[in-house]
Amino acid sequence: MALERSNMDTYYRAKELYVQGNLTESHKLLTNFIETQRGISGNAPAAAELTDAFNTRGHIHYRWVDFDEAILDYSEAIKLDPKFAVAYYNRGQVHYRLGHFKLAQVDLRQALSLQPSFPDAQLHLNQVEKDLNGHHEFNTQDPLHNDVPSSEGSAPSLHNDVPSSEGSAPSLHNNVPSSEGSAPSLQCM
């Protein structure tokens with residue numbers, strides 16, 4: 001019980017550091033939380049926090065322009081909660097940034113199927129579809145993205161409610177305002 005409480009304190013401290021913009025320390029604590037939490041079996045109350053920890057750490061990787069790691073973390077969040085529209089949105093945004101337009105489309109459609117009133121997902125899906133109609137089909141296959149059905153189906157998307165601070169990155173969400181730059185937002189819980 002003490003380990004679980006201490007681990008939850010680690011999670012909350014990581015989120016606090018994230019909001020403060022201390023990405024390096026937040027990343028360390030989130031990684032510690034994830035590794036420890038995976039070692040605690042049957043801890044359903046922390047399942048939402050574990051999902052959010054992967055999503056938030058994915059956002060940190062995105063802000064560090066470590067897109068492959070961001071996709072892996074968003075995918076882990078989706079595995080833990082396949083109905084987490086925000087993670088589908090965020091992953092879709094990373095795919096878009098990488099030029100994986102069809103994969104971005106699948107993720108954004110899935111985000112909208114899970115959360116129909118998701119204005120950012122709709123806005124970005126519209127842009128992806130414009131790009132696809134303009135025959136900009138780059139990197140349509142991604143070996144890291146193995147939980148997405150064919151590009152004809154609907155799949156996950158990325159979102160976390162935190163504005164992004166990196167250059168001209170697409171919007172990912174994390175529910176936290178950013179003090180760095182003017183890029184669109186990623187979403188975190």
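Start by selecting Glu129: at 22% relative accessibility, this residue counts as partly exposed. That label covers everything between buried (under 20% relative accessible area) and exposed (over 50%), using a 1.4 Å probe and protein chains only. Before you click on, remember that this is a predicted model, where local features need pLDDT of at least 70, side-chain atom pairs count only at pLDDT 80 or more, and totals for chains, interfaces and linings use all residues. Residues are numbered from 1 along each chain as its sequence is written, and side-chain values use heavy atoms, with hydrogens and water left out.

**Stop 1: the partner of Glu129**

Because Arg109 sits in helix 6 and Glu129 in helix 7, the pair ties together parts 20 residues apart in sequence. Arg109 is partly exposed too, with a relative accessible area of 31%. A salt bridge here is a side-chain nitrogen of Lys or Arg within 4 Å of a carboxyl oxygen of Asp or Glu. Side chains of opposite charge can pair when their charged atoms come close.

**Stop 2: other salt bridges**

How many salt bridges are there by this rule? The count comes to 8. Pick Asp107 and Arg91, whose side chains meet at 2.9 Å, N to O. Asp107 belongs to helix 6 and Arg91 to helix 5, 16 residues apart. Are these two buried or exposed? Both Asp107 and Arg91 are buried.

Next, select Arg38 and Glu76, a salt bridge at 2.5 Å, N to O. Arg38 is in helix 2 and Glu76 in helix 4, 38 residues apart.

**Stop 3: the whole chain**

Zoom out and colour by secondary structure. You'll find 7 helices and 2 strands, in the order α-α-α-α-α-α-α-β-β along the sequence. Both kinds are DSSP runs numbered from the N terminus: helices are H or I with at least four residues, strands E with at least two. Of the chain's 189 residues, 52% count as buried.

**Stop 4: the nonpolar core**

Select Phe33, Ala111 and Phe118. These are the residues with the most contacts inside the largest nonpolar core, which has 31 residues. Such a core is a set of buried Ala, Val, Leu, Ile, Met, Phe, Trp, Tyr and Cys residues joined through side-chain atoms within 4.5 Å. Helices 1 to 7 each supply at least two residues of this core. There's also a second, separate core of 6 residues, including Tyr62, Phe67, Ile71 and Tyr74.

**Stop 5: around Phe33**

Keep Phe33 selected; at 0% relative accessibility, this residue counts as buried. Not counting residues up to four places away in sequence, Phe33 touches Asn7, Met8, Thr10, Tyr11, Glu49, Leu50 and Ala53. A contact means heavy atoms within 4.5 Å.

Finish with Tyr11, which is buried at 7% relative accessibility. Tyr11 and Phe33 form a tilted aromatic pair, 5.1 Å centre to centre with 40° between the planes. Rings of Phe, Tyr and Trp (its six-membered ring) pair if their centres lie within 6.5 Å; planes under 30 degrees apart count as stacked, over 60 as edge-to-face and the rest as tilted. Tyr11 lies in helix 1 and Phe33 in helix 2, so the pair ties together parts 22 residues apart in sequence.
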